[in-house]
Amino acid sequence: MNKQINIKESLDWYILAGVTETCAEGVCLLNTENHFAQPKTVTKTATVSTSPTSAVLKNARDVCASATSLDELRDILMKFDGCNLKNTAASTVFGDGDSHAKVMLIGEAPGADEDRMGKPFVGRCGKLLDKMLAAIQLKRENCYITNVLPWRPPGNRTPTDDEIAICLPFLKKQIDLIKPDFILLLGGIALKAVMDNPDSISRTRGKWLDYVTDNKNIPVLATYHPSYLLRSSAQKAKSWADFLRLKKKMDEIK
Ligand code: URA
């Protein structure tokens, strides 16, 4: 009986920490040898502030400003401890793909598969995204794919405004370094973060916007997130129209 109660308490710990699945068959949540051990991540969370002071934001901006290449930025991100999400994530998922890409795709945050594999859009959403790109003759390796957040929020919960604000300098620096010709925003969180646009994705998708930098205005298109399309396949036609818009604009400037 006692053992059952302890197992339940142990599971509650994991659920509290946002753990929603095991990573491998060898990792068993009911393992009596380690079920008293609290996940390392939970203990660490207590020591890190969850609200971004202006000092944390300034630090994020300063460290990003010092990066002169994507590799440097990745190293800086790996050492950055200002965001609480890092404590519950297994991986820091940096952008992936061609550093000279014409098209940059920006999603929301890594999911369980991405967290496990350390790469953006490699799970079910990624497979759908690959198919959509292929339909307009784009290969993912010729694009640059990243997320607003490099860490998976526990249980895939929606990221808070504070978490987005802390991670935004890392995303904006990636845009500065890649200097893409086009940005495709996948979902409402990417739209809100990159364009500071509070409008709903359903109202804004399909309309060309401008991301203004010091030396270049980059055309931006927002469309539905692939995970939404997996749940609401009736919306796929609208996303398909958005991908065709992107293709048409790319062909125009060839
Ligand atoms: N959803 C995202 O927004 N990004 C990923 O990398 C995977 C799923």
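Which side chain has an N or O atom 2.8 Å from a nitrogen atom of the ligand? The points below answer this and cover the ligand site and the cysteines.

1. The model is predicted. In it, the side chain of Asn147 places an N or O atom 2.8 Å from a ligand nitrogen. A nitrogen atom of the ligand also lies 3.0 Å from a backbone N or O atom of Ala109. On the oxygen side, the side chain of His225 has an N or O atom 2.7 Å from an oxygen atom of the ligand. The protein buries 94% of the 230 Å² that the ligand exposes when taken alone.

2. The shell around the ligand consists of Gly107, Glu108, Ala109, Pro110, Gly111, Glu114, Pro120, Phe121, Asn147 and His225. By class, these shell residues are four nonpolar, four polar and two charged. Ala109, Asn147 and His225, the residues named in point 1, belong to this list.

3. Zero disulfides turn up in a search of the whole structure. For Cys64, the nearest cysteine sulfur belongs to Cys167 and is 9.5 Å away. A disulfide needs two cysteine sulfur atoms within 2.5 Å, and Cys64 is in none.

4. Are Cys64 and Cys143 buried or exposed? Cys64 has a relative accessible area of 3%, and the cut-off for buried is under 20%, so Cys64 counts as buried. Cys143 is likewise buried, because its relative accessibility is 0%.

How values were computed:
Residues are numbered from 1 along each chain as its sequence is written. This is a predicted model: local features need pLDDT of at least 70, side-chain atom pairs count only at pLDDT 80 or more; totals for chains, interfaces and linings use all residues. Side-chain values use heavy atoms; hydrogens and water are left out. A residue is near a molecule or strand if one of its heavy atoms lies within 4 Å of it. A polar contact is a pair of N or O atoms within 3.5 Å; within protein, one must be able to donate a hydrogen and the other to accept it, and residues adjacent in sequence count only if both atoms are side-chain atoms. Accessible areas come from the Shrake-Rupley method with a 1.4 Å probe; for residues, only the protein chains shown count as cover. Ala, Val, Leu, Ile, Met, Phe, Trp, Tyr, Cys and Pro count as nonpolar, Asp, Glu, Lys and Arg as charged, and the others, Gly among them, as polar. Buried means under 20% relative accessible area, exposed over 50%, partly exposed in between (1.4 Å probe, protein chains only).
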